[in-house]
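Here is a short briefing on one helix and on the aromatic pairs of a chain. Keep the structure in view while reading.

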Amino acid sequence: MSKFIIQVNGAAYPSSASYNAYHFTKSALESGHEVIRVFFYQDGVFNTNGLNSPASDEFDLTRAWVALSEKYQVDLVNCVSAALRRGIISETEAKESHVSHWNMQAPFTMGGLGELVTGLEVADRLVSF
């Protein structure tokens, strides 16, 4: 069995990158592989916006990532720099910046490229979408 790091560079809806990443991750976990973490980078951070509100007949990627994380205890990590540049802010950053609102959905967390690098040290493969 392999150990994966999944890097998601595409936003939830303008492309199929995140959708494909989600299904790859789910299939890997169901097949017994280990996913060390999913790292959301560049426009991939838009997947973590708790205000994403797809139409009722569309697949809800944000909620799907959350459910997958809860079922398999997979870390979902946002690149903090990419997220803040794109207006995605966690409760912690909101409090530190004295901002009254945040939009990052739990259990997504903020991290840096160090999270990606430390994961790569123990992973067999990095798969980027």
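The model is predicted.

**Helix α2**

- Helix α2 spans residues 61-72, 12 residues in total.
- From first C-alpha to last, α2 reaches 16 Å, close to the 16 Å expected at 1.5 Å a residue.
- Its buried residues are Leu 61, Thr 62, Ala 64, Trp 65, Val 66, Leu 68 and Ser 69.
- The cover over these buried residues includes β1 (3-8), α1 (17-30), β2 (34-40) and β3 (75-79).
- At the start of α2, Asp 60 places a side-chain oxygen within 3.3 Å of the backbone nitrogen of Thr 62.
- Just after α2, Gln 73 has a positive phi of about 55°.

**Aromatic pairs**

- The count of aromatic pairs is 8.
- One of them joins Tyr 22 and Phe 59, a tilted pair at 5.6 Å centre to centre with 50° between the planes.
- This pair links distant parts of the chain: Tyr 22 sits in helix α1, Phe 59 in the loop between β2 and α2, 37 residues apart.
- Tyr 22 counts as buried because its relative accessibility is 9%, under the 20% cut-off.
- Phe 59 has 37% relative accessibility, so it counts as partly exposed.
- Phe 24 and Phe 129 also form a tilted pair, at 5.7 Å centre to centre and 50° between the planes.
- Here Phe 24 lies in helix α1 and Phe 129 in the segment after β5 (125-128), 105 residues apart.
- Phe 24 is partly exposed at a relative accessible area of 30%, and Phe 129 is partly exposed at 22%.

**Ring cluster**

- Ring pairs connect Tyr 19, Tyr 22, Phe 40, Phe 59, Trp 65 and Phe 108 into a cluster.
- Trp 65 of this cluster is also among the buried residues of α2.

Conventions: Residues numbered from 1 in each chain as written. Predicted model: local features only at pLDDT ≥ 70, side-chain atom pairs only at ≥ 80, totals over all residues. Heavy atoms only, no water. Helix = DSSP H or I, 4+ residues; strand = E, 2+ residues; numbered from the N terminus. Expected span 1.5 Å × (residues − 1). Buried < 20%, exposed > 50% of the residue type's maximum accessible area, 1.4 Å probe, protein only. Contact = heavy atoms within 4.5 Å. Polar contact = N/O pair within 3.5 Å; in protein donor to acceptor, adjacent residues only side chain to side chain. Phe/Tyr/Trp six-rings, centres within 6.5 Å; stacked < 30°, edge-to-face > 60°.
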